[in-house]
Every structure is written in C-alpha cells, then in structure tokens.
Amino acid sequence: MELQGIIYFARHPFLYPLLRAQLLLCVLLSAFVLTNLFFWTYLPQVAFLAIFHGRKLAFLNATFLVLGEAAAITALLFECFFADETLVDVFDATLINEGCSDLVATSRVVDPSAGDPVKQLGKPVTPAIYSPFSLRQIIEFIVFLPLNFIPVAGTPLFLIMTGLRAGPLHHYRYLHLLGLTKKERDIYLNRRKLRYTWFGFTALILQLVPVLSMLFLLTTATGSALWASKLEEERKSAKDLSDPAPAPTYQDDPT
C-alpha cells in the first residue's frame, strides 16, 4: 500500500499544495535531526555495537539504528507540532477522491461544489487526529532498541516489532470516522494484525530514508487512505449482502 500511496500522490496534483506547505520545514527539520544524531551519536553507537557484532556489522547496524532514531524523533516532532493537520487533510482528500465523501462528512464539513478534493475540505466538527501521541509507542521503541545488539537478525527484528505497534496508528483516523468504540477497534485491528504489522514495517523503512522521510510520511497517509477506501468497499458490500431485499408487497389483480 505504501508504494501505491507514493504513485497515487505523484499522479494527483491536487495533493501537491499540502506538500508544498510543509516541504521546507520537512527538509530542514529532518536534516537538522539527522546531522546532529550522526555527529554526536554515530561513532559511540558503532563502538558499543562492535562489542556484540564485530567491526564490520557494527558500522552497518549503527547506521540503521541512527536512521531509526532520527526517523522517530523527526516524526514525533513533525506530527506533534506541525503536520498532523496536514496528514488528516491528505487522508481525507484521498478518501473523497475515492468516493468516500460520506465517511469524511461524519467528521468535517465537505463542500462537493468547491472543486478538487482538497478544496472540498471544510472545518472539522469533531476532533481531527491522524495519529495520536503515543507515550506507549515511545517507551516500546526504547525497550526494543537492545534488539539491535543481536547480530544480523537484530535490526530486522527491531523494525518488525516497532512496525507491530506503529501499523494500527495509521488507521486511527479511519476507525475514528467509523465511530468504533475502543473494544470494537481492538477486535477490528486484531483480525488484521499481520497486515497492519507489514504496513507499519514498510512505513518505518520509508521513514529511514534521509531527508525524504517526511515526504514519505505524507505518501504513507495516502496509502493508508487508499487501504481504508478498499476496506469501506468490502464493508459496504458485506452489509448489502447481509441486508435481505424487501419482499414485494401483495396487490390484488384488478382484472
């Protein structure tokens, strides 16, 4: 879905203004965090990992470790202070373009006559959050960091475990639009745990790309909206099948 999100974002110019509004900030914030982490923490982490992995693997795994730390810090700063509203707009505009205006309209004003999907977006009438701040996710990120000490398999395992928690957060907005309770959300997510883990894993991999990580945060929101639109089609189809057609009313033949 992430790859589809990248392609979809590139092919739909109505999403570009949402990127332009944050582009300079994205690049500067990402470059600042990445430069400082590599300058201050890369070699100490190489030295520490060399104890467990040997010199050659230590340089490689330390690179992934620093990129992961930079992605987490940048995403946290960006989502908490700058971009969550933009991510909501990307998500909602994609849903509208995929024919889910009725779903978006449960949470914000939608004006079909305004033009492209982004221009149709009005003010939210309920809290509009793409991915909520998660202290638990930060704690788990720190707890899982020692997995990187395991030679060869440690870094992939760290990414998978982090993706397990991060994946469902990309559909927080969708589940909010559905109006599900916490219990219903948990049941819904557990039924798709493997798919959400894979989504979170691949989203995290994209976040490791230096400087472009924030661009991929926007395209990931696009991909999650595309997935949500397909889930909506499945949900509506299942509902139509479960609702029997009304029986024809009996009428006397006047002849």
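Here are a few notes on the chain shown above.

1. First, the ground rules. This is a predicted model, where local features need pLDDT of at least 70, side-chain atom pairs count only at pLDDT 80 or more, and totals for chains, interfaces and linings use all residues. Residues are numbered from 1 along each chain as its sequence is written, and side-chain values use heavy atoms, with hydrogens and water left out.

2. On the overall fold: the chain has 12 helices and two strands (DSSP runs numbered from the N terminus, with H or I over at least four residues for helices and E over at least two for strands). The order along the sequence is α-α-α-α-α-β-α-β-α-α-α-α-α-α.

3. On burial and surface: 44% of the 255 residues are buried (under 20% relative accessible area with a 1.4 Å probe, protein chains only; exposed is over 50% and partly exposed is in between). The accessible surface is about 14,100 Å², and carbon and sulfur atoms make up 68% of that (Shrake-Rupley method, 1.4 Å probe).

4. On contacts (heavy atoms within 4.5 Å): taking pairs at least 6 apart in sequence, 73% of the contacts join residues at least 24 apart.

5. Helix 1 covers residues 2-11, and its buried residues are E2, G5, Y8 and F9. They line one face of the helix, because they fall within an arc of 115° seen down the axis (the arc uses directions from the helix axis to the C-beta atoms). L3 and R11 sit exposed on the other side.

6. Have a look at S229 too, in helix 12 (residues 213-242). S229 counts as buried because its relative accessibility is 4%. Apart from neighbours within four places in sequence, S229 touches L95, E98 and C100.
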